[in-house]
Amino acid sequence: MLLRGVQDGMRCRQWVDSVLNKLNLKERIGQLFIYTIAPQQDKANKDLLRKVVEDYKVGGLLFSGGLIQNQVALTNEAQRMANIPLMITFDGEWGLSMRLKDTPVFPRNMVLGCIRNDSLLYEYGREMARQCRELGVHVNFAPVADVNINPKNPVINTRSFGESPANVADKVIAYATGLEEGGVLPVCKHFPGHGDTDVDSHQALPTLSFTRERLDSVELYPFKKAIQAGLSGVMVGHLAVPALEEQVGLPSSLSRNVVSGLLERELQFKGLVFTDALAMKGVSNNGMLCLKALKAGNDLLLVPRRIKEELDAVLDAVKHGELTEQEIEAKCRKVLTYKYALGLNKKPYIRLSGLDTRINTPYTRDLIRRLNLAAITVLGDTKKVLPLDPAVKDVAVLNVGSAARIQPFVKQLSRYIHPVEFQLGKDLPAAERKALKDKLSKYKRILVCVTENTLTSYQSFFKDFAPDTPVVYLFFVPGKQVLQVQQGVSTAAAVVLAHSAGDDVQRQAAKILYADAMVDGRLSASIGGLFATGEGLTLEPQTKPHFVPE
């Protein structure tokens with residue numbers, strides 16, 4: 001898709017040829033390396049930057065975190081040093097805030113997976129592309145295309161758009177298309193699929209012991225759809241997949257069967273293929289990593305630990321016929337072609353002044369608000385209770401967490417009725433639990449508002465909390481926290497998953513209860529045995545909201 005944006009193919013070829021003809025073999029190999037650098041202004045870090053750019057002639061950089069001003073200053077410095085403009089990469093799965101301080105905080109993918117309107121995901125991708133370009137970033141290692149159907153997954157989890165392969169594919173395509181059309185290369189990861197593992201590939205090598213039929217229907221499905229949509233980047237994960245690679249313990253990132261055979265030949269992927277970070281323990285115990293990764297079919301080598309030794313090993317392998325110069329030239333040409341498509345035929349320079357206000361704009365904040373509101377999901381058989389009738393005045397609000405935290409919700413609720421607040425204390429003795437339950441039983445509706453993540457100390461209260469009065473639970477925390485009080489939730493009349501406790505989200509939740517706002521979120525991942533993936537109700541607002549007098 002990105003290459004279709006190169007209007008003049010001849011000019012692209014001329015630039016690529018002119019650059020390629022000036023490079024010796026070692027420099028061509030250097031273009032295939034992406035090196036990690038800390039965004040720090042100290043002398044040691046700057047000396048390291050100069051060494052990797054001027055001595056090893058790396059093709060790109062990955063900044064590891066810190067402050068945006070430091071990253072941009074070092075990016076400008078690195079681009080000044082480089083003979084060929086550097087491809088600046090970034091690992092921003094949920095926005096710049098994943099790595100950089102004081103930047104806009106977007107919802108995690110598992111929350112975004114609840115949104116039905118994929119155009120919002122496209123809009124998010126466009127905005128992320130804009131922010132990346134403001135920082136001089138050309139490649140974002142996102143979106144995660146893994147289908148997280150294993151709730152015990154220690155590393156993917158909320159980084160995934162959810163448990164439904166079709167929904168994950170839709171979200172991946174929408175977001176990645178927004179990135180590409182905004183001029184940033186998206187990289188779908190972690191091929192062939194890291195969602196159903198209980199091992200973190202940063203720490204060890206996970207194994208996917210599934211049949212090819214299962215892989216096709218779950219793990220590979222979003223990647224296939226992304227490739228068919230013409231998206232331009234894929235990252236290969238460090239995963240042992242016996243159905244695809246017979247050699248025991250060989251990570252997919254080093255497997256020619258997986259990279260060249262499956263990804264490039266069978267699935268016909270023509271874009272850039274990145275390895276996952278080669279310093280990760282799922283792969284790092286292999287010798288001559290970069291050479292093996294190139295022989296497997298990868299184009300770009302991400303974060304090798306010993307760059308001099310790795311680069312020399314590839315150079316030596318070419319000299320001894322293990323790799324051909326033609327293979328190196330083809331990969332280098334491919335990288336340079338994408339650099340041209342990303343505008344790197346000219347030396348870039350990023351303006352530091354006004355950077356904060358260019359990143360965090362009113363539009364950015366409004367988009368974050370709209371994404372959070374669109375993800376709200378209502379679960380349960382709500383017909384008997386929702387929308388709440390403003391004529392029913394006896395409504396109790398039970399705070400589970402800080403009472404001050406829930407005030408935006410209570411204030412909005414007060415526009416419809418006059419709620420009475422109760423505070424649930426931690427580890428209440430049996431007598432106090434009974435007294436509170438007796439008080440609550442006098443109300444016709446009970447709204448349980450959860451703003452605390454750790455609910456262990458409240459479990460004794462909810463263990464047998466099943467009043468005759470209809471109870472609506474509102475979770476202003478991640479949905480998985482529902483399981484901590486599932487005995488109470490299992491008897492609820494309705495459950496509202498708001499996912500976060502932002503003021504706008506709280507106000508929207510109150511409006512939804514009284515049919516003053518629409519909700520149509522769908523659960524992106526199941527919650528134990530309580531709620532299944534895809535559950536959720538569409539509730540339309542009434543034409544005339546009911547308000548109580550001020």
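**Notebook: rings, charges and pockets**

I began with two tyrosines: Tyr416 and Tyr514 are both buried (under 20% relative accessible area; exposed is over 50% and partly exposed in between, with a 1.4 Å probe and protein chains only). A note before going on: this is a predicted model, where local features need pLDDT of at least 70, side-chain atom pairs count only at pLDDT 80 or more, and totals for chains, interfaces and linings use all residues. Residues are numbered from 1 along each chain as its sequence is written, and side-chain values use heavy atoms, with hydrogens and water left out.

**Entry 1: aromatic rings**

I looked up the aromatic pairs and found 13 in the structure. Rings of Phe, Tyr and Trp (its six-membered ring) pair if their centres lie within 6.5 Å; planes under 30 degrees apart are stacked, over 60 edge-to-face, and the rest tilted. Tyr416 and Tyr514 are stacked, because their ring centres are 4.8 Å apart and their planes at 15 degrees. I placed Tyr416 in the loop between α16 (407-413) and β12 (420-423), and Tyr514 in the segment after α20 (503-513), so this pair ties together parts 98 residues apart in sequence. Helices (H or I, at least four residues) and strands (E, at least two) are DSSP runs, numbered from the N terminus.

Next I checked Phe422 and Tyr443, whose ring centres are 5.6 Å apart with planes at 80 degrees, so they pair edge-to-face. Phe422 sits in strand β12 and Tyr443 in the loop between α17 (430-440) and β13 (445-450), so the pair joins parts 21 residues apart in sequence. Phe422 counts as buried at 14% relative accessibility, and Tyr443 counts as buried at 18%.

I also noted one aromatic cluster, formed by Phe461, Phe462, Phe465, Tyr473 and Phe475. Lys437 lies over the face of Phe461, 5.0 Å from the ring centre. Arg108 lies over the face of Trp94, at 3.6 Å from the ring centre. The rule for a charge over a ring is NZ of Lys or CZ of Arg within 6 Å of the ring centre and within 35 degrees of the ring normal.

Which helices does the bridge between Asp17 and Arg333 tie together? A salt bridge here is a side-chain nitrogen of Lys or Arg within 4 Å of a carboxyl oxygen of Asp or Glu, and the count comes to 32. Asp17 and Arg333 meet in one of them, at 2.6 Å from N to O. Asp17 lies in helix α1 (residues 9-20) and Arg333 in helix α13 (residues 325-341), so the pair ties together parts 316 residues apart in sequence. Asp17 is partly exposed at 30% relative accessibility, and Arg333 is partly exposed at 29%.

Within helix α15 (residues 362-374), Asp366 and Arg369 are three residues apart, about one turn, and their side chains form a salt bridge at 2.9 Å, N to O. I also jotted down a salt-bridge network linking Asp91, Glu93, Arg99, Arg159 and Lys189.

**Entry 2: the second largest pocket**

I finished with the second largest pocket, which holds about 380 Å³ of space. Asp91 and Arg99 turn up again here, among the residues nearest its centre in a lining of 23 residues. Strands β2 (60-63) and β6 (188-191) are the elements that give two or more residues to this lining.

On a 1 Å grid over the protein atoms alone, a pocket is an open set of points where a 1.4 Å probe fits, with protein on both sides within 12 Å along at least five of seven lines; lining residues have an atom within 4 Å of a point. Grid points are joined across faces, edges and corners, and the volume is the space filled by probe spheres set on the points.
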